[in-house]
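Reader: I would like to learn how to read the features of a protein model, one after another. Could you take me through a case?

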Amino acid sequence: MTSWPSDKPSPLWMALSRERFSAPRLEGAVETDVAVIGGGISGLATAIELRRRGHRVVVLEATGIGHGASGRANGQVISALTRHGPDAIRKLWPGERGERFIALVRGAADSLYDLVDRYRIDCDARRNGWLQPAQSPGRAKRVAGLAAQWAEAGAPAAALNATEMAGRLGTDVYHGGWEHGGGGHINPYAFTVGLARGATGEGVTIYENSPATALSRRAEGWIVETPAGKVLAAKVAITTAAHTGNLWPALRTSIVPVTSYQAATDPLGTLADRILPNDEAASDTRMDLRYFRKDRDGRLVSGGALAVQFGASHRLQAMVGRRLREMFPALPENPMTSFWGGRIGMTIDRLPHLHRREDGLCAWIGCNGRGLALACAMAPVLADALEGVADERLAVRPTSPPRVPLHFLVSRFARLILPWYRLKDRQEV
Ligand SMILES: Cc1cc2nc3c(=O)[nH]c(=O)nc-3n(C[C@H](O)[C@H](O)[C@H](O)COP(=O)(O)OP(=O)(O)OC[C@H]3O[C@@H](n4cnc5c(N)ncnc54)[C@H](O)[C@@H]3O)c2cc1C
């Protein structure tokens with residue numbers, strides 16, 4: 001297990017969350033139908049889905065609920081993948097398989113907001129849309145095509161010209177782009193702890209500070225060991241995302257964990273009214289992504305990645321502050337006042353993967369930085385997979401975890417690709 005170090009700064013979202021959650025550590029042996037390993041949004045949404053289908057479920061969380069990526073994200077709720085639109089998905093998987101997956105991505109934000117409503121989660125949920133501004137005219141043309149594909153697939157998507165985008169963002173540095181009316185933003189930590197409360201209310205048993213340290217087979221299923229106890233389960237779901245360790249070694253080497261940092265300003269007062277006046281979330285088309293949203297108090301929350309991690313807090317805040325001031329010159333100098341980070345699980349093809357073994361071990365992995373809504377949409381798929389639904393009827397076809405070539409090197413040095421991304425971004429026309 002590779003958890004986020006506890007001596008690193010906590011996300012702003014924890015301080016802003018009005019809800020707290022705590023659960024005991026597992027001590028002794030418990031028996032259940034399904035053991036879910038990982039207490040982020042994926043694990044909790046899957047546990048809820050399984051419980052509502054009548055299964056007994058135990059969730060093991062290595063540290064605290066929401067201490068992984070789920071509590072550290074920027075909080076943008078996005079019903080679209082980073083690379084693949086409907087046409088690309090149909091090309092990969094012609095026929096019903098592609099259509100099922102398109103429907104899953106199209107409905108991902110609905111899945112998340114449905115959970116907010118069902119468990120009355122107080123996570124400052126806003127659903128005013130998600131914007132993807134384009135940094136060049138060529139990109140604007142391409143994403144207008146993407147908007148048309150999503151609209152044709154039934155999503156509330158539309159292209160925006162440069163003037164429209166400027167009005168929506170409060171800056172005219174972009175060349176247009178598109179909007180997805182189903183998106184929005186949340187406090188992701190508050191959402192995760194609210195989900196844990198919802199899961200507990202449904203009858204899911206959650207243990208915190210209970211890392212699964214070993215998995216072994218027994219006659220009728222699995223033994224999941226933790227430092228002070230064990231879970232005897234018929235089936236096991238692994239939802240440890242970028243923190244995946246060696247419980248299923250092939251799963252760990254199927255992704256590249258990437259560190260991503262977040263930074264926030266102080267509340268901006270009346271200036272906040274001129275930035276994203278309609279309160280959408282925005283992520284642009286760059287490979288070295290620029291993104292931002294406001295929180296409930298009018299802070300601007302943004303983030304980015306660094307090729308070299310040395311002095312990350314100072315350098316990241318300076319970089320993000322500079323980028324935001326290019327868009328919003330009225331921001332004060334050095335506007336970022338809080339900082340935190342987290343880890344994202346990237347797959348080589350930038351698609352989420354579902355894995356299932358005949359012995360009852362299942363996982364989904366590969367959020368590629370857009371996993372808040374996707375994790376909620378993947379929960380029924382993982383539940384189907386655990387229940388033994390046939391491969392061809394699943395919205396994501398299960399595969400064996402594909403090994404990332406040169407995983408040892410790539411997982412340590414992936415961030416060194418950033419300068420090349422930045423060069424490509426500057427060359428975009
Ligand atoms: C900085 C950052 C910004 C992001 N911004 C966005 C965004 O704006 N929009 C968006 O859609 N997505 C975003 N993401 C991605 C999103 O946060 C994730 O896709 C999503 O939260 C994944 O949820 P998860 O449950 O799969 O993983 P996690 O929340 O990481 O949960 C995995 C959990 O497993 C636990 N675990 C690990 N090993 C073990 C073990 N052996 N035993 C028990 N427990 C274990 C970990 O402690 C962790 O809590 C961002 C991610 C980061 C890091």
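This is a predicted model: local features need pLDDT of at least 70, side-chain atom pairs count only at pLDDT 80 or more; totals for chains, interfaces and linings use all residues.

Reader: How many aromatic pairs does the structure hold?

Author: The structure holds six aromatic pairs. In one of them, the ring centres of F292 and F328 are 5.5 Å apart and the planes stand at 80 degrees, so this pair is edge-to-face. It links distant parts of the chain, since F292 belongs to strand β14 and F328 to the loop between α10 and β16, 36 residues apart. Both F292 and F328 are buried. W420 and Y421 also form a pair, but a tilted one, with 6.1 Å from centre to centre and 45 degrees between the planes.

Reader: How many disulfides does a search of the whole structure find?

Author: A disulfide is a covalent bond between the sulfur atoms of two cysteines. Here the search finds zero. For C362, the closest cysteine sulfur is that of C376, and at 19 Å it is too far for a bond. C362 is buried, with a relative accessible area of 2%, while C367 is partly exposed at 22%.

Reader: Which residues make the nonpolar surface patch?

Author: The patch, of about 800 Å², is made by V308, F310, L406, F408, L409, F413 and L416. Of these, F310 lies in the loop between β15 and α10, and with 71% relative accessibility F310 counts as exposed.

Technical notes:
Residues are numbered from 1 along each chain as its sequence is written. Side-chain values use heavy atoms; hydrogens and water are left out. A disulfide is a pair of cysteine sulfur atoms within 2.5 Å. Buried means under 20% relative accessible area, exposed over 50%, partly exposed in between (1.4 Å probe, protein chains only). Patches are made of residues with over 30% relative accessible area and no salt bridge: like charges are joined within 9 Å, nonpolar side chains (Val, Leu, Ile, Met, Phe, Trp, Tyr) within 5 Å. Accessible areas come from the Shrake-Rupley method with a 1.4 Å probe; for residues, only the protein chains shown count as cover. A salt bridge is a side-chain nitrogen of Lys or Arg within 4 Å of a carboxyl oxygen of Asp or Glu. Helices (H or I, at least four residues) and strands (E, at least two) are DSSP runs, numbered from the N terminus. Rings of Phe, Tyr and Trp (its six-membered ring) pair if their centres lie within 6.5 Å; planes under 30 degrees apart count as stacked, over 60 as edge-to-face and the rest as tilted.
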